[in-house]
Amino acid sequence: ALPISDMNFFSIALLGTAHGDPTRERYNSSALLEIPSGDAWLIDAGTPALATLIRGGFDLARLRGVFITHMHEDHFGGLPDIIKFQAKYRTERELTRIWLPEQAAIRGMKDFMALAHRPVPESLIRFDVLEPGLIGLLHGLSVRAVPTEHASNEGRDFPSFALEFTAPDGRRILFTGDLSYDFHDFPAGTGADMAFCELTHYNLAHALPTLAKERFGRLIFNHVGNQWHGSEAEKRFREMTRDLPYPCVIAHDGDRFSC
């Protein structure tokens, strides 16, 4: 089940922790961030995000918004399901807000929903473009979008983002989104109490010196590449990361963290 955490400001459930393709053990990327008031947000919505939420007993009336870090299908493929569900069943007047990193993505999502005979009701769903900098205060959370250069892996320049959430008491959580092959765009220096970093697109050994300079409370690796699947790979991971100045783990679907 996905209960409200009433002891910690942040509660994060990882719905999917795969890389670009789902595997037998992992769904596509999606994380649910909840606060004690009951408000919740999705960071990415890879398939099957909606089904996972429903099976976990999550009340989608509590979902205030969705942030899509970049327009790769493994990060947004489950979004139409979320939109359809909110449009069909939500009766309260508070909007479900959806941040997409490209203006064209908003047009495309609306066209897709119309093609599926589910036009988006503007009274219930609001689209915004995710842009660099402070997004604003959302139910007490300060949210900042940090540009990354994931698209450089394909020799392209479409936008991608890391996301930083800060509570009124200063506690901070970081989601890196997907990064570049050489790790140069890692959002350094946040001092996050908890950080979620992808583990597919770069050489971990080359990233360790950068990570060693950080002062995280805890680091969780998600978006996990095939090379890190299985007990032997995780043993190698623990050996490689044992000297980092904070605890870190490889996440699995269904893991829940709080800070």
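**Reading packing and burial in a predicted model**

Visitor: Where is His201 placed?
Guide: This is a predicted model. His201 sits in the loop between strand 11 (194-199) and helix 5 (204-212).

Visitor: Is His201 buried or exposed?
Guide: Look at relative accessibility. Under 20% is read as buried. His201 has 16%, so His201 counts as buried.

Visitor: What does His201 touch?
Guide: Leave out residues up to four places away in sequence. Then His201 touches His150, Asn153, Asp178, Leu179, Ser180, Tyr181 and His223. There is also a polar contact: the side chains of His201 and Glu198 are joined at 3.1 Å.

Visitor: Now another loop residue. Where is Ser29 found?
Guide: Ser29 lies in the loop between strand 1 (11-16) and strand 2 (30-34). With a relative accessible area of 8%, Ser29 is buried.

Visitor: Which residues are in contact with Ser29?
Guide: Set aside neighbours within four places in sequence. Ser29 is in contact with Gly16, Ala18, Asp44, Ala45, Gly46, Asp74, His75 and His223. Take Gly16: 13 residues separate Ser29 and Gly16 in sequence, but their C-alpha atoms are 4.6 Å apart in space. For Ala18, look at the backbone: the Ser29 side chain reaches the backbone oxygen of Ala18 at 3.4 Å. His223 is in the contact list of Ser29 and in that of His201.

Visitor: On to helices. Which residues of helix 3 are buried?
Guide: They are Leu79, Pro80, Ile82, Ile83 and Gln86. Down the axis of helix 3, the buried residues fall within an arc of 160°, so they line one face of the helix.

Visitor: At what angle do helix 3 and helix 4 pack?
Guide: Read the angle together with the axis distance. Helix 3 (residues 79-89) and helix 4 (residues 103-115) pack at about 65°, with axes 11 Å apart. Their crossing is right-handed. Helix 3 brings Leu79, Pro80, Ile83 and Lys84 to the contact; helix 4 brings Met109, Phe112 and Met113. By class, that contact has six nonpolar, no polar and one charged residues.

Visitor: How do helix 5 and helix 6 cross, and at roughly what angle?
Guide: The axes of helix 5 and helix 6 (residues 231-241) cross at roughly 35° and come within 11 Å. This crossing is right-handed too.

Visitor: Which residues of helix 5 and helix 6 meet?
Guide: On helix 5, look for Leu204, Ala205 and Leu208; on helix 6, they meet Phe237, Met240 and Thr241. That contact divides into five nonpolar, one polar and no charged residues.

Notes:
Residues numbered from 1 in each chain as written. Predicted model: local features only at pLDDT ≥ 70, side-chain atom pairs only at ≥ 80, totals over all residues. Heavy atoms only, no water. Axes fitted to C-alpha atoms, helices over the stretch in contact; angles between N-to-C directions. Helix = DSSP H or I, 4+ residues; strand = E, 2+ residues; numbered from the N terminus. Left-handed = near helix turned anticlockwise from the far one by under 90°. Contact = heavy atoms within 4.5 Å. Nonpolar A, V, L, I, M, F, W, Y, C, P; charged D, E, K, R; others polar. Buried < 20%, exposed > 50% of the residue type's maximum accessible area, 1.4 Å probe, protein only. Polar contact = N/O pair within 3.5 Å; in protein donor to acceptor, adjacent residues only side chain to side chain. Arc of directions from axis to C-beta.
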